[in-house]
Amino acid sequence: MKAGVGEMTVTGFEANRARVIGIAAELFARNGYHGTGIAELGTAAGLGRGALYHYIGSKEAVLYSISKEQVDSMNAYAEQLLDEDLAAEELLRRMARGLLRNIAEHRSEWAVFFREYTALTGEWRDHVITARERYEGYWRQALDNGVRAKVLRQTPRLLVKGILGMLNYTYLWYEPGGELTPDEVADMFLDALIEGIRA
């Protein structure tokens, strides 16, 4: 079944918008959000100022999209796993693997998120912080599942930030195609973690 004209237009718009946001992520990761001008982004995307604003609305809107998209993706993935009623250790392992795969595939976006999201203002900043806190909550839920199943011991709530710090900052050093796959790095970290908190 062929798409209608309106549908093709939306698809084309979304594809071009995604391309521009991807270019912006690379520029922001390399030069910083404040160090990247609209003119530079337009040149890199091959678009004039008017066409550029047609796709992105504003520079801050691009930062918001970059900052929130991957966190939303990880929240959806965590929700899916939690619905599968997995054993606690398997749940934690799959959450870690999913996060490291995403970081490996979207290093520029994560670099922008970790370094630049504080440049967001108002509701945009609030939405990103809420999404991040929701993701932390899913990790806490996974740990609590293990405690209830008596396979993990009770740990301070702050541990979630330590776990995510260990996983998140692989964006600084992980090289796709290197000696270890994202899954292998995740398993190495999770083995050390679970051994330390197993009941």
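Which charged end sits over the ring of Y33?

1. The charged end of K59 does, 4.5 Å from the centre of the Y33 ring; a charge sits over a ring if NZ of Lys or CZ of Arg is within 6 Å of the ring centre and within 35 degrees of the ring normal.

2. The model is predicted, so that local features need pLDDT of at least 70 and side-chain atom pairs count only at pLDDT 80 or more, while totals for chains, interfaces and linings use all residues. Residues are numbered from 1 along each chain as its sequence is written, and side-chain values use heavy atoms, with hydrogens and water left out.

3. There are 11 aromatic pairs, where rings of Phe, Tyr and Trp (its six-membered ring) pair if their centres lie within 6.5 Å, and planes under 30 degrees apart count as stacked, over 60 as edge-to-face and the rest as tilted. One of them joins W173 and Y174 edge-to-face, at 6.4 Å centre to centre and with 70 degrees between the planes.

4. Within that pair, W173 is partly exposed because its relative accessibility is 48%, whereas Y174 is buried because its relative accessible area is 9% (buried means under 20% relative accessible area, exposed over 50%, partly exposed in between, with a 1.4 Å probe and protein chains only).

5. A further point concerns clustering: W110, F113, F114, Y117, Y169 and Y171 form one aromatic cluster.
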